[in-house]
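Subject: Structure for you to look at

Hi,

Here is the structure I promised to pass on. Please open it alongside this note; my findings follow below.

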Amino acid sequence: MKVIFATLLVFALALPGTASAYEVNLNCVETVPPSIKVDPVSDEIQYDFSVPSRDLSPVRLGAAAARAYPAGTDTVTGGLRWDTPVTGFEIETGGADFSKMHQACLWYKTVSVKIRLSPHIYIAKEFSAPGSCREAIMAHELHHVDVDREMMNKYSQIIGEAVQKVANETGAVGPVDSDKIDEKRDELQQKVKAAIGAAEEPLHAEMRERQAQVDSPEEYRRVSAICNAELSASANAPAPA
C-alpha cells in the first residue's frame, strides 16, 4: 500500500515581556491535545469491457496493475477487480521557539490521514454483452469491492487509534537546539508512517483471507456454469435467415 505524507510546521513565539521567564524554565508542554482524523474515501467504480479474457491479468494490464498486491485482484471468473488502497497523511505541528536560548519545542497539532480506494472492474470482452453471464461476473466482482470497502472502513478506525497512540506517547519534543528542529519534525513524520504501516499489516492479511472466501470453488463453479450455459446456447442458436 502506497503511503504519501506532508507536513506543516507552526511555531508559537514567546510573548514580548515574558520571554525571560519562559527561557529560564524551558519546559515543553503541548498547549492543546493533538487532533487525529482518518478519512476513508472510495471513488466511484470504473468499468472496462474492452479486454479479452486472455489479457485479464495484472501483468498484462500494465506496470501499475502489476504493483497491486494479490488481495487487490481477481482474474478467474472472466472478470477482474483492481482496487489497491493508497494511504496519505499530513502533519501539522505546533511548537514554541525560545530564540534567546536557541532552543525550541515541537509537538503534533493535527494528523490527517486519508485512505483512498479507486476500484476498477474489468469484464472480459467476450462476456460484455448483456446477459446472465455478465450479470454473474459483475455480481462476483462487486462482492470483492464490497469486502474491500468494509475492510477499509474497519481499519480506518484501527489506524486512527494507532496514530493517536503515537501522538499521545510522543507528547512535546524538546527542548532541542533550534538547528535540529527539521530533524525532529522528520522523526515525527516517520513515527506516524511506521504506525500506519504496522496497522496495515493485519489489514492485508485479513483482506486476503476475506477475498479468498469470496473466491470459493463453489462460487467459481456457479459462475462458470452460468457462463458456459449462455455460451452453449449462443453457439447452438440457429443462424439468422
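From the N terminus on, the elements run β-β-α-β-β-α-β-β-β-β-α-β-α-α. That makes 5 helices and 9 strands. Helices (H or I, at least four residues) and strands (E, at least two) are DSSP runs, numbered from the N terminus.

This is a predicted model: local features need pLDDT of at least 70, side-chain atom pairs count only at pLDDT 80 or more, and totals for chains, interfaces and linings use all residues. Residues are numbered from 1 along each chain as its sequence is written, and side-chain values use heavy atoms, with hydrogens and water left out.

Overall figures. The chain has 241 residues, and 40% of them count as buried. Buried means under 20% relative accessible area, exposed over 50%, partly exposed in between (1.4 Å probe, protein chains only). Take the contacts (heavy atoms within 4.5 Å) with a separation of 6 or more: 82% of them join residues 24 or more positions apart.

3 strands form it, in the order 4-8-5, with mixed pairing. Strands pair if DSSP finds at least two bridges between them. Strand 4 (46-48) and strand 5 (79-82) stand at the edges with a single partner strand each, so one side of each has no neighbour in the sheet. The twist averages 15° from one strand to the next. Strand 4 runs parallel to strand 8 (residues 120-123), joined by 3 bridges. Tyrosine 47 has isoleucine 121 in strand 8 as its bridge partner. Helix 3 (residues 132-170) lies across strand 4, strand 5 and strand 8, at about 20° to strand 5. Such angles run from 0 to 180 degrees between N-to-C directions, with axes fitted to C-alpha atoms, for helices over the stretch in contact.

The aromatic pair. There is 1 in the structure. The ring centres of tyrosine 47 and phenylalanine 49 are 6.5 Å apart and the planes are at 10°, so the pair is stacked. The cut-offs: centres within 6.5 Å; planes under 30 degrees apart are stacked, over 60 edge-to-face, the rest tilted. Tyrosine 47 is partly exposed at 40%, and phenylalanine 49 is partly exposed at 27%.

Strand 7 (residues 103-117). Strand 3 (residues 35-42) pairs with strand 7 in the parallel sense over 8 bridges. Strand 6 (residues 86-98) runs antiparallel to strand 7, with 13 bridges. Serine 112 stands opposite lysine 37 and is also the bridge partner of glutamate 90. In the hairpin of strand 6 and strand 7, histidine 102 takes a positive phi near 55°.

Best wishes

Notes. Phe/Tyr/Trp six-rings, centres within 6.5 Å; stacked < 30°, edge-to-face > 60°.
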